[in-house]
Amino acid sequence: IEAGNQAVIAHGNGPQVGMINLAMSTAANAKAIKSDMPFPECGAMSQGYIGYHLQQAIGVAMHKAYKRWHVATVVTQIEVDPDDPSFQNPTKEIGPRLTKEQVESLAAQDPSFKFVKSGNGFRRVVASPRPRKVVEHESILNLLDNDFIVIACGGGGIPVVRDTDGFGCYKGVPAV
C-alpha cells in the first residue's frame, strides 16, 4: 500500500457459514424464528461480520501507522450458470454430521436438500458451480480508484443466478 499498490482482501468463511446455518436451524427447531435462514443469506451474514472484523483490525493498524487509508467491505455476489452440471450432482459438504432421522426430517421439510453418507453420519451437500463474474466488480474498482483498501469476495462470494422471471435481477442459490 505504501508503495502505491491497490489492495483487495478476500477471506474464507466456511466454518462461519456453517455456524450461522446451524444457529438458525436450531432457532427454527426451537420455534424461536419462523424458518431456517436460506444458505445465500448465511454467506452474506458471514461476509459482513468477517469484513467488519478485518476493517477494525486494519483500521487500528492504519491509525498506529498514522495512515489515512480507508477500508470498505463489499458483500459480493458471484454470478454462476444455473445450468452448471454441479447443480445436478452437488458434492460440497456443508453443516454438521446428521443422523438418518435428522436427514429424513430435513428432507421432509425441504425436498430440494441433498445428503451424502459422511463418516458415521450424513451431511448436506450443495453445488459448487464455476464462477462467471463478480457482480460488484465496478463498485470494487471505484473504491480502489478512490484509495480504499477493499475487502471483497468473502468465501468466494455469494453464488447468484439471473432470475429470468424477475426482470433479470439476481437471486441467491444454495451453493458455494
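Modeller: A definition before the pairing: two strands pair if DSSP finds at least two bridges between them. Bear in mind that this is a predicted model.

Colleague: Fine. What stands opposite Thr73 in β8?

Modeller: Ile151 does. Thr73 sits in a pairing of β2 with β8 (residues 148-151), joined by 4 bridges. The two strands run parallel.

Colleague: In what order do the strands of that open sheet come?

Modeller: The order is β1-β8-β2, 3 strands with parallel pairing. The edges are β1 (8-9) and β2 (70-73), each pairing on one side only.

Colleague: Which helices lie across those strands?

Modeller: α2 lies across β1, β2 and β8, at about 175° to β2. Helix α4 (residues 137-145) lies across β1, β2 and β8 as well, at about 150° to β8.

Colleague: Now β9. How many bridges join β3 to β9?

Modeller: There are 3, between β3 (residues 77-80) and β9 (residues 158-163), and these strands run parallel. Ile78 has Pro159 of β9 as its bridge partner.

Colleague: And β9 with β10, parallel or antiparallel?

Modeller: Antiparallel, with 4 bridges to β10 (residues 169-172). Asp163 has its bridge partner in β10 at Cys169.

Colleague: Is Cys169 buried, exposed or partly exposed, and why?

Modeller: Partly exposed, because its relative accessibility is 43%. The class runs between 20% and 50%.

Colleague: While we're on cysteines, how many disulfides are there?

Modeller: The count is 0. Cys42 is in no disulfide, and the nearest cysteine sulfur, on Cys153, is 19 Å away. The cut-off for a sulfur pair is 2.5 Å.

Colleague: Where does Cys42 stand, buried or exposed?

Modeller: Buried, because its relative accessible area is 0%. Cys42 is also one of the α2 residues in the contact with α1.

Colleague: Let's do that helix pair, then. At what angle do α1 and α2 pack?

Modeller: About 125°, with the axes 9 Å apart. Here α1 covers residues 14-29 and α2 covers residues 39-64.

Colleague: Which residues make the contact?

Modeller: On α1, Gln16, Val17, Met19, Ile20, Asn21 and Met24. On α2, Phe39, Cys42, Gly43, Met45, Ser46, Tyr49 and Ile50.

Colleague: Loops next. Where is Asn13?

Modeller: Asn13 is in the loop between β1 and α1. Asn13 counts as buried because its relative accessibility is 10%, with the limit at 20%.

Colleague: What is Asn13 in contact with, leaving aside neighbours within four places in sequence?

Modeller: Gly43, Ser46, Ile50, Gly154 and Gly155. Gly43, Ser46 and Ile50 are among the α2 residues in the contact with α1.

Colleague: One more loop. Where does Pro85 sit?

Modeller: Pro85 is in the loop between β3 and β4 (92-98).

Colleague: Buried or exposed, and why?

Modeller: Exposed, because its relative accessibility is 63% and the class starts over 50%.

Colleague: How far apart are Pro85 and Ala127 in space, and in sequence?

Modeller: They are 8.6 Å apart, C-alpha to C-alpha, and 42 residues apart in sequence.

Colleague: Great, thanks.

How values were computed
Residues are numbered from 1 along each chain as its sequence is written. This is a predicted model: local features need pLDDT of at least 70, side-chain atom pairs count only at pLDDT 80 or more; totals for chains, interfaces and linings use all residues. Side-chain values use heavy atoms; hydrogens and water are left out. Buried means under 20% relative accessible area, exposed over 50%, partly exposed in between (1.4 Å probe, protein chains only). Axes are lines fitted to C-alpha atoms, for helices over the stretch in contact, and angles run from 0 to 180 degrees between N-to-C directions. Contact means heavy atoms within 4.5 Å.
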